[in-house]
Amino acid sequence: MITGLHHTGLSVRDLDAAIAFYSVEQAFQIVSRFEVADTAENRALLQVGNAAARAALLIGTLGGLELFEFAAGREADSPDRAVYAAGIRHICLQTAISDHLYDSMVTAGAGTHARPSGLGTGNSYVYIRDPESNLIELEGTPWAPQSVQRPWFAHAALVTPDIGRLAEFYAQLTGSAVLRQGTFGPDNKFDVVAGIADVRFKGAWLRLANAELEFWEYDHPRTTPVERRSAVAPGWNHLCFESDDIDADHARLLGLGVELHTPPHPFGSARVFFGRDPDGNIFEVLQPGPEARMTIATMLTEAEGHAVDAARIAFRAAAAG
């Protein structure tokens, strides 16, 4: 079964610069750096013509990043990275309500169209772009534990032309039900955060042990289907889910008719396989080996991860009550 959202993948043009940026305020730290060889097995695994890459796995509180600098990516076209464009669109980092992380990331080279602001939920929100123009959401929460000094990973977001279909697909993949959904806008507060006039959209959320998946379908500007993205194209390029039985999950997804690239395959200290969701986005399923330093269990039991998880569980319980 799927135990959580292990990491989000990002294809970058400059690996060292990306590592430096995502290390701001200790948001993420390097677990390992490695080379991906251009072998027939790796080309099939990633469904690319040239798999050669420099890569790094980074761990943050309650979630990770996997950064790839593909040799072929330097010449690849970048997909549309508009807020409403279909695809894996952003990750979200949470902190206490403060502009400190925002200011630090802008100083480190992030682009921005607004400062953090509210939507009437009690949280603060802002979208920024990393130095390669990839979207990041920074969210301030009133329930942040005082003992946690670093930002923590809160969710990964997908934008889709068919929110019902995509949310149901990931509910089947993960074994977790869609938690809630709603329709939003028009409202100037949303326009400020999105940087779009008269923005209107639908949203849905799916909760995993360590983080959430967030789904958006924009009605204005309208989200439209896009071509299947290549893993080498710069930008957010895959979602990775941890499994405690990768062979069973592979068989289960095959039985559901899900498009999978290959059977489970050794990759570093793990076994992995990749596939495609109904929109053509790439997902990965990974089962860590016994020597793995980064697992959902370790994310939830390390001190800051445990403190955040306990605080948000208490907040949700109080809100539900």
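Me: How much space lies in the second largest cavity?
Reply: About 40 Å³. A cavity here is a set of points on a 1 Å grid over the protein atoms alone where a 1.4 Å probe fits but cannot get out, and lining residues have an atom within 4 Å of a point. The volume is the space filled by probe spheres set on the points, with points joined across faces, edges and corners. Keep in mind that this is a predicted model, where local features need pLDDT of at least 70, side-chain atom pairs count only at pLDDT 80 or more, and totals for chains, interfaces and linings use all residues. Residues are numbered from 1 along each chain as its sequence is written, and side-chain values use heavy atoms, leaving out hydrogens and water.

Me: Which residues line the second largest cavity?
Reply: Leu46, Phe68, Phe70, Ala231, Asn237, His238, Phe274 and Ile282. Strands E4 (63–70) and E14 (235–243) are the elements that each give two or more residues to that lining. Strands (E, at least two residues) and helices (H or I, at least four) are DSSP runs, numbered from the N terminus.

Me: How does that lining divide into nonpolar, polar and charged?
Reply: It has 6 nonpolar residues, 2 polar and no charged. Ala, Val, Leu, Ile, Met, Phe, Trp, Tyr, Cys and Pro count as nonpolar, Asp, Glu, Lys and Arg as charged, and the others, Gly among them, as polar.

Me: OK, how many cavities does the search find?
Reply: There are 2 of 30 Å³ or more in the whole structure. The largest cavity holds about 60 Å³ of space.

Me: And which element gives the most to the lining of the largest one?
Reply: That's E9, with 3 residues. The lining residues include Leu138, Glu139 and Gly140, along with Tyr102 and Pro116. By class, the lining of the largest cavity has 5 nonpolar, 4 polar and 2 charged residues.

Me: Switching topic: how many helices and strands does the chain have?
Reply: The protein chain has 8 helices and 18 strands. Its radius of gyration is 18 Å, close to the 20 Å from the globule rule for 321 residues, so the chain is as compact as a globular protein of that length. That radius is taken over C-alpha atoms, and the rule is 2.2 Å times the number of residues to the power 0.38.

Me: What share of the residues is buried?
Reply: Buried residues make up 56% of the 321, where buried means under 20% relative accessible area (1.4 Å probe, protein chains only).

Note on methods: 1 Å grid on protein atoms, 1.4 Å probe; cavity = no way out; pocket = protein on both sides within 12 Å on 5 of 7 lines; lining within 4 Å. Buried < 20%, exposed > 50% of the residue type's maximum accessible area, 1.4 Å probe, protein only.
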